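Here are some notes for your reading of the model.

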Amino acid sequence: MNRRDVLKLTAVGAGLAAVAEAAGEVAALPAGQPAVVTPNGSTLPWKVVRGVKVGHLVAEVVKHTFAPGLDVEAWGYNGGTPGPTIEVVQGDTVRLYVTNRLPEATTVHWHGVLLPNGMDGVSGLTQKPIPPGATFKYEFTFKDAGTFMYHPHYDEMTQMALGLMGMIVVHPRSVRGLPVKRDFALMTHAWKLRAGMRRPDPTAMSDFNVLTFNSRCFPATAPLVVGVGERVRVRLGNLSAMDHHSIHFHGVRAEVAWTDGGEVPPSARVPEVTVLVPVGSVRVVELTFPAPGDWAMHCHMTHHVMNQMGHAGPVMVGADAQRIDARVQSVVKGYMTMGHDGMGAMSAMAPMMDSPPNSIPMYGGPGPFAHIDMGGMFTVFKVRPDPSKADPDGFWDHPKGTVAEEATEGELLLDGIEV
Ligand SMILES: [Cu+2]
């Protein structure tokens with residue numbers, strides 16, 4: 001009989017095993033508060049043992065796909081990056097076991113959560129690092145409602161660059177402010193992945209070229225289906241190494257209702273259409289779309305809505321490509337200058353071109369009118385009159401005469417526009 005068997009018997013003797021066996025689904029969330037949806041992600045399952053929510057995070061190497069054609073070896077929790085969203089109710093006590101299956105030590109810091117100092121997860125300062133193969137136990141009570149994050153506090157640079165992070169949502173015990181119909185959690189992140197490589201570069205300080213919502217880049221970011229007139233909450237976290245993200249909302253005005261520091265008093269809220277989410281911060285926005293459609297949501301930093309754009313080339317816009325091409329073709333057969341007329345058309349052509357294996361340089365996605373030449377930190381709110389019947393992959397069927405199109409000669413004449 002080994003130590004584990006002895007412990008099991010002891011537990012049975014104390015009746016604890018029976019309690020654990022009986023653990024089932026977690027109690028429903030307080031009335032009027034929908035469960036948080038983590039697009040492209042998951043939520044941590046609990047078992048309740050004598051009133052305590054018990055969860056298990058496993059830090060490990062994971063195979064991850066940013067978008068079709070771009071697979072990497074990342075580090076994540078429970079098989080994915082970001083890790084599962086930790087969703088609880090204010091006042092819940094949790095016991096979180098963290099198993100380290102990484103090749104180096106780790107810890108978990110519960111970013112923004114007020115808890116006993118010894119549970120804060122700072123390697124060396126408040127706890128021993130969790131060595132590979134070991135399982136540590138964290139136990140604390142979520143005293144405050146809000147949106148927080150979790151991430152390692154050992155070799156942060158490497159471990160976060162490779163994808164170890166997740167969101168924490170603590171629902172208030174009763175609705176605070178205006179109730180929302182839908183609730184989404186999105187972690188923003190910036191990665192450096194040289195074309196053709198399979199491992200993100202943890203030493204990168206600039207030129208991040210894979211920008212993600214929940215570790216996916218467009219066109220692999222799941223759309224957010226919502227209803228016209230519904231109040232919607234989006235919890236945006238940022239654990240990028242160096243980059244803030246200015247998240248821009250089309251078709252709607254947003255207000256920051258919460259940060260990871262707490263609730264913003266209604267009198268202090270500022271109407272926005274672009275919300276800056278600084279590194280190491282959470283911004284919780286609430287919005288109500290007045291009209292149906294396919295409304296984009298994306299980082300407004302233009303280099304953050306492109307896939308694996310290289311930044312080392314010369315300025316080609318306006319260059320005389322014919323002369324350059326003729327000269328280079330004498331040494332490189334079939335050479336063709338790109339970008340001399342701008343770069344919009346390159347995105348549609350990119351998948352047909354000869355790029356390194358396992359790379360998606362400048363790839364975009366299919367759209368109902370033409371190729372969408374955006375990538376990276378870009379997704380779409382599919383706003384529908386009846387979201388329960390909406391096809392998440394479908395596009396908005398615009399009423400006749402409501403789409404911008406080429407002006408007719410008659411229209412130009414009538415309005416006195418000369419072209
Ligand atoms: Cu950005």
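**Notes on the model**

1. Pairing of β4. In this predicted model, strand β9 (residues 166-171) runs parallel to β4, and 4 bridges join the two.

2. β4 and β9 belong to an open sheet of 4 strands, ordered β4-β9-β8-β6, and the pairing in it is mixed. The edges are formed by β4 (86-89) and β6 (109-111); each has a single partner strand, so one side of each lacks a neighbour in the sheet. On average, neighbouring strands of this sheet are turned by 25° against each other, with direction ignored.

3. The core. The largest nonpolar core has 85 residues, and the members touching the most others are M149, I168 and V285. Strand β10 (residues 182-191) supplies the largest share of this core, with 6 residues. As background, nonpolar side chains tend to be buried together in soluble globular proteins.

4. Surroundings of M149. Which residues is M149 in contact with, leaving aside neighbours within four places in sequence? The contacts are H111, G112, M165, G166, M167, I168, G237, L239 and V282.

5. Confidence. The average pLDDT of the chain is 91, and 93% of the residues score at least 70. Residues 11-24 have a pLDDT below 50; this stretch has 9 contacts in the model beyond near neighbours in sequence.

Terms used:
Residues are numbered from 1 along each chain as its sequence is written. This is a predicted model: local features need pLDDT of at least 70, side-chain atom pairs count only at pLDDT 80 or more; totals for chains, interfaces and linings use all residues. Two strands pair if DSSP finds at least two bridges between them. Axes are lines fitted to C-alpha atoms, for helices over the stretch in contact, and angles run from 0 to 180 degrees between N-to-C directions. pLDDT is the predictor's confidence in each residue, from 0 to 100. Two residues are in contact if their C-beta atoms, placed from the backbone, lie within 7 Å. A nonpolar core is a set of buried Ala, Val, Leu, Ile, Met, Phe, Trp, Tyr and Cys residues joined through C-beta atoms within 7 Å. A residue is buried if 20 or more other C-beta atoms lie within 10 Å of its own, exposed if 12 or fewer, and partly exposed in between; C-beta atoms are placed from the backbone.
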